[in-house]
Amino acid sequence: MPVTDPIADMFTHIRNATRVSSPVVEMPASKQKIALAELLRNEGFISSFETKDLGNPKQRMRIVLKYGPKGEQVIQGIKRISKPGLRIYRSSDRLPRVSGGLGVAIISTNRGLMTDRQARKSIVGGEVLAYVW
């Protein structure tokens with residue numbers, strides 16, 4: 001059965017894995033999912049990720065989740081904002097702040113995926129994909 005919103009599916013995989021304290025999560029890969037995983041790794045929400053090429057177009061992605069020293073979740077919450085049925089766009093001066101700056105809003109811009117802080121610094125707006133805190 002085809003997935004209508006692959007980004008929401010990725011976030012659901014991550015959310016479910018963190019709830020059961022799974023060290024890794026595996027899912028189908030795409031260019032946008034790889035860019036999201038890169039962004040999450042750079043922001044310190046996940047430890048690492050790797051992709052496995054199983055032949056064109058089948059590609060899998062394995063994400064190693066990050067936990068604190070006592071086993072607490074680093075990703076407290078992850079929420080999809082802009083959906084296929086309702087796209088949410090913001091200019092650079094109206095980009096949201098997540099949890100008073102402790103979280104990250106992921107923005108899809110004409111320069112690629114970036115955090116709300118990077119988008120404000122670059123003075124570029126775009127589609128608000130998700131909040132991670």
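**Entry 1. Burial.** I count a residue as buried when its relative accessible area is under 20%. I applied this to the model, which is a predicted one. Of its 133 residues, 38% count as buried.

**Entry 2. Overall dimensions.** I next looked up the extent of the chain. Along the principal axes, the C-alpha atoms fill a box of roughly 40 × 40 × 25 Å. I then compared the radius of gyration with the globule rule: a compact globule of 133 residues would have a value near 14 Å, and the protein has 15 Å, which agrees.

**Entry 3. Secondary structure.** I found 3 helices and 8 strands in the protein. Reading along the sequence, I noted the pattern α-β-α-β-β-β-β-β-β-α-β.

**Entry 4. Contacts along the sequence.** I considered contacts with a separation of 6 or more; residues 24 or more positions apart account for 62% of these.

**Entry 5. Helices α1 and α2.** I turned to one helix pair. Helix α1 spans residues 6-19 and helix α2 residues 31-42. Their axes come within 10 Å and cross at roughly 45°. The crossing in which α1 passes α2 is right-handed.

**Entry 6. Residues of the contact.** I listed the residues that join the two helices. From α1, the contact is made by P6, I7, D9, M10, F11 and I14. From α2, the contributors are Q32, K33, L36, A37 and L40. Sorted by class, I recorded 8 nonpolar, 1 polar and 2 charged residues in the contact of α1 with α2.

Notes:
Residues are numbered from 1 along each chain as its sequence is written. This is a predicted model: local features need pLDDT of at least 70, side-chain atom pairs count only at pLDDT 80 or more; totals for chains, interfaces and linings use all residues. Side-chain values use heavy atoms; hydrogens and water are left out. Axes are lines fitted to C-alpha atoms, for helices over the stretch in contact, and angles run from 0 to 180 degrees between N-to-C directions. Helices (H or I, at least four residues) and strands (E, at least two) are DSSP runs, numbered from the N terminus. A crossing is left-handed if the near helix is turned anticlockwise from the far one by less than a right angle, and right-handed if clockwise. Contact means heavy atoms within 4.5 Å. Ala, Val, Leu, Ile, Met, Phe, Trp, Tyr, Cys and Pro count as nonpolar, Asp, Glu, Lys and Arg as charged, and the others, Gly among them, as polar. The radius of gyration is taken over C-alpha atoms; the globule rule is 2.2 Å times the number of residues to the power 0.38. Buried means under 20% relative accessible area, exposed over 50%, partly exposed in between (1.4 Å probe, protein chains only).
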